[in-house]
Amino acid sequence: MALFIRDDTVDALAVQLQKALKAPSKTEAVRQALQRELDRVQQQRPLRDRIAKAQAMVGAMGASDPNFDMKPFTDEMWDNL
């Protein structure tokens with residue numbers, strides 16, 4: 001099936017990309033661009049998965065100390081400034 005580009009701006013972008021990639025044709029330049037974009041989109045992990053990973057990392061740290069006092073910790077970290 002053919003892909004016809006009827007937009008002058010898109011055609012100009014294809015020409016620029018062809019030159020930048022030193023591709024033998026606009027078709028090859030567009031093919032590479034589409035493949036790279038498809039690869040990029042497929043590699044993105046959904047927010048749900050990223051949150052689940054962060055929650056698992058927090059869970060692996062163990063339970064928090066209910067007696068922890070942030071003030072002395074912060075003072076020590078800042079060398080009592």
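Reply: Start with Glu 28. Keep in mind that the model is predicted. Its average pLDDT is 91, and 98% of the residues score at least 70.

Now find the partner. Glu 28 makes a salt bridge with Arg 31, and their closest N and O atoms lie 2.7 Å apart. Arg 31 is also partly exposed, since its relative accessibility is 45%. Where does this pair of residues, Glu 28 and Arg 31, sit? Both belong to helix H2, which covers residues 26–43. They are three residues apart, so about one helical turn separates them. An α-helix has 3.6 residues a turn, so residues three or four places apart point the same way.

Move along H2 to another pair. Arg 40 forms a salt bridge with Glu 37. Their closest N and O atoms are 2.6 Å apart. These two are three residues apart in H2, so again the separation is about one helical turn. Arg 40 has a relative accessibility of 42%, which means partly exposed. Glu 37 is partly exposed because its relative accessible area is 38%.

Glu 37 lies in helix H2. Asp 49 is twelve residues away along the chain, and the two C-alpha atoms are separated by 21 Å.

Helix H4 holds another example. Here Lys 71 forms a salt bridge with Asp 75, with the closest N and O atoms 3.0 Å apart. Both residues lie in H4. They are four residues apart, about one turn of the helix. Asp 75 reaches 25%, so it counts as partly exposed. The count for the structure is four salt bridges, among them the pair Lys 71 and Asp 75.

Met 70 is partly exposed, since its relative accessibility is 49%. H4 has the lowest confidence, with a mean of 89, and H1 has the highest, at 95.

That leads to H1. This helix runs over residues 8–21, so count 14 residues on the structure, as the record of its length says. From the first C-alpha to the last, H1 reaches 20 Å, close to the 20 Å expected at 1.5 Å a residue.

Look at the start of H1. Asp 7 is found in the segment before this helix. It is partly exposed, because its relative accessibility is 40%. A side-chain oxygen of Asp 7 comes to within 2.8 Å of the backbone nitrogen of Thr 9. The Asp 7 side chain also reaches the backbone nitrogen of Val 10, at 3.0 Å. Asp 7 and Ala 52 are 45 residues apart in sequence, and their C-alpha atoms are 43 Å apart in space.

Next comes the other end of H1. Lys 22 follows the helix. This residue is found in the loop between H1 and H2. Most residues other than glycine have a negative phi. Lys 22 is exposed, since its relative accessible area is 73%.

Finish with H3. Helix H3 covers residues 47–60 and has 14 residues. Its first and last C-alpha atoms span 20 Å, close to the 20 Å expected at 1.5 Å a residue. Just after H3 comes Gly 62, with a positive phi of about 95°.

Now return to the opening pair. Glu 28 and Arg 31 are joined by a salt bridge, and about one helical turn of H2 lies between them because they are three residues apart.

Key
Residues are numbered from 1 along each chain as its sequence is written. This is a predicted model: local features need pLDDT of at least 70, side-chain atom pairs count only at pLDDT 80 or more; totals for chains, interfaces and linings use all residues. Side-chain values use heavy atoms; hydrogens and water are left out. Buried means under 20% relative accessible area, exposed over 50%, partly exposed in between (1.4 Å probe, protein chains only). The expected span of a helix is 1.5 Å times one less than its number of residues. A polar contact is a pair of N or O atoms within 3.5 Å; within protein, one must be able to donate a hydrogen and the other to accept it, and residues adjacent in sequence count only if both atoms are side-chain atoms. A salt bridge is a side-chain nitrogen of Lys or Arg within 4 Å of a carboxyl oxygen of Asp or Glu. pLDDT is the predictor's confidence in each residue, from 0 to 100.
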